[in-house]
Amino acid sequence: MTTVLGWLRGLFAVGMLAGFYVVAFTLLAADAALVWLTLWGMVEFPSRAGNWSLALAGSIPAASALLYGIGTVSRTEEPPPDAVFLRRADAPGLWQLVEELAGQLRTRPPTRIYLTSQANASVSEDARLLGFAVGERTMNLGVPLLRWLKPEELRAVLCHELGHYAGRHTRFGAITYRGAASLRSTLFRLRMTAQSDQGRVGYAWLYQAAIGAYAWMYLRLSLAVRRRQELEADAEAAAVVGPEVTARALRAVHALGITWAGFESRYLRPVHRLGFVPEDVFEAFTAMMGDPPVRERMAELRAHPVELDRSPLDSHPPLARRLALIEALPATPARTVAEEGPLIAETSPVTRVQRKMLGESGHSATALPRSAWADLAAEAFAIELASLLLDAASDTHALARPTLATVLGLLERGQQTELTRRLTDAPEPEEQLTEALYALTGQALAGAGRARWVLSWTQGYLLDCPRDPRGRLDDLVAAAARDKAAVPALRGELARLGLDIGAPVPLALRTVAAPAGPTTARRSTRNASNLVVQELARQRTVGKVTMGAVAVAGVVWGIALFGSDSSEPYTQSYRLPTAAVSMYTAWPSYPNLGPTPSYPDLGPTPSYPDLGPTPSYPARLPVPIMTGPILRPTPSLSFHIHFVVRGDTLSAIACEYGTTVEDLQERNDMGKRTELSVGQMLLVPAKGEGSGIVAADCR
């Protein structure tokens, strides 16, 4: 049953991927047809080509974005950027454990194991023949899991990942990955093209809408399959280590992942942007997990797991549902797991993971001992907020930088609202003002040597003031931020502590000889997204190609326009009568009969009572051979306007211009009428351009 289900999933994955390429290449074919028709019309009908440059300049950027998005996706899933290959000699215990668990699940073990910095684990398979043939298997395992999960919890995590192999989930995972990656890459480039100057006149927005609609369908149809696979892997793990251990491991990984993400985003990365990192990142995280408030928070997360900002397209089912299904399984006897010793014998792989994790951001940094790094982090956080409050209190007309006395003066004058508005637009701005005033007051004391900052893993920084052991200063700062009447009490306490509030507040790190500033706003240019940089470079190249293509097409159009038939009718600036226009445009076109032969002057044409068959001419006159049917003479489009004067008749005008009454009646939409009025405008042939057939009474 598992084999049949795996094959059905494979066919589904291949079909969904094929559908994406069908949509993409249908759009490309439509774009190519539009460009071809535009170029063909430009050459064949240059005077009626329309705005061909708009069609050409709009098609090239959109088509190139679509092609580039499809073509730049790897066929196999690459390991994370900070991944380090773990040799068997570096971690014999881990390799032995993985192979043992794979044997219990009756599946092949991975051929490669990578260490990563994430508190997570994953598996993949480089399947061949679109997933219908087996390939090399890869497992990614996070260092935080190896360091802080209990042995039985780590076994459960490994069994879950190996369960994907047992259920043949990874066999077609590469196909699903390729489809999702292709959609993401293509949509990203189409979105950037549509927002650029090139896309404002192009079709990138149309392609983005079409591909986006397919992506919506693709992700939702494949999502059900992927979530079902996660539940099957949970069941495989529960069958080996038991439902209780599996559920406990799932809760532990959830709590560990949230704590590790907070450590990275709130402490490690901001201080790293200042140029400082701990000598051992994982040792610093160990210190954080040893903090009692952090332990309490992790225990709460394990007991009551909460998924914040969960994406509706998450490939994992909701955690609550997974736990409910696991805990509903029949209980199994508890299994004792003996201590297996260190799973990683060498520390060098972990060191390389840390180096790659910190190096991928593009920031150079100085490594500090953990305690020095923690003090620096606390001081940097306080300086950042103190700087923001001083900036909010500054007067654009004042030359001197504001001090703590400046801020307290504004608060005493009841300008809390204005100061808060300048400081932040975040929710709960009053709390932001209180926190900023606490940071500024503490930094003034620390700069004067009256206190020091210490790192708090839950609050960011705390002020250690020996002369204020009970923390009375905290309450005074909070009251002064809310009520101007409480400011004098804060002034008195600061005076008791020996602080000159009018002195400049030092905004430099005292822990190390380096200036401090905002820890969240500074970005290295090298830290910009590689995808964005590459896409902008690609758009510049496509812009040059588009300009060149439009220039070449313009030259071709100019040549076609210059070489077009000059014998085409000349259009007057005034409007023709309806009958004249319909008379010319209603006639069919005829094959080119070659140049009109010249005839010698034979004098006046004799009149004939009956125009019947064409009379025979002497043999000395050349008679042109007509390749088409003999037709009535086509009126020339070269004409004059004759204004009727007193005494004019239609027959006299016909004689004057070498034509017939019938010809004039037809040209001027007169029907059978012959009446004329003085001043009437008549269309008549130009001199010498008449039909050549005249009435007998004209001679």
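Which residues have the most contacts inside the largest nonpolar core? In this predicted model, they are Phe 263, Trp 373 and Leu 437, within a core of 112 residues. Helix 13 (residues 370-393) supplies the largest share of this core, with 15 residues. A second, separate core comprises 22 residues, including Met 16, Leu 28, Leu 66 and Ala 204.

| Nonpolar core | Size | Residues named |
|---|---|---|
| Largest | 112 residues | Phe 263, Trp 373 and Leu 437, with the most contacts inside it |
| Second, separate | 22 residues | Met 16, Leu 28, Leu 66 and Ala 204, among others |

Beyond its neighbours within four places in sequence, Leu 437 is in contact with Leu 389, Leu 404, Val 407, Leu 408, Leu 411, Val 477, Ala 480, Ala 481 and Leu 490. Helix 14 (residues 404-412) has as its buried residues Leu 404, Val 407, Leu 408, Gly 409, Leu 410 and Leu 411. These buried residues pack against helix 13, helix 15 (416-423), helix 16 (429-447), helix 17 (472-482) and helix 18 (487-496). Just after helix 14, Gly 414 adopts a positive phi of about 75 degrees.

**Annotated transmembrane regions and a surface patch**

An unreviewed UniProt entry places the feature "transmembrane region" at residues 12-40, 52-71 and 201-219. In the model, the span 52-71 is 100% helix and 0% strand, and its end C-alpha atoms lie 28 Å apart. On the surface, Trp 36, Leu 37, Trp 40 and Phe 45 form a nonpolar patch whose accessible area together is about 460 Å². Of these residues, Leu 37 is located in helix 1 (residues 2-44).

Notes:
Residues numbered from 1 in each chain as written. Predicted model: local features only at pLDDT ≥ 70, side-chain atom pairs only at ≥ 80, totals over all residues. Heavy atoms only, no water. UniProt positions renumbered as here; feature names shortened; annotations may be inferred. Helix = DSSP H or I, 4+ residues; strand = E, 2+ residues; numbered from the N terminus. Core = buried A, V, L, I, M, F, W, Y, C linked by side-chain atoms within 4.5 Å. Buried < 20%, exposed > 50% of the residue type's maximum accessible area, 1.4 Å probe, protein only. Contact = heavy atoms within 4.5 Å. Patch = residues over 30% accessible without salt bridge, like charges linked within 9 Å, V, L, I, M, F, W, Y side chains within 5 Å. Areas by Shrake-Rupley, 256 points an atom, 1.4 Å probe, with all protein chains shown as cover. Salt bridge = Lys/Arg side-chain N within 4 Å of Asp/Glu carboxyl O.
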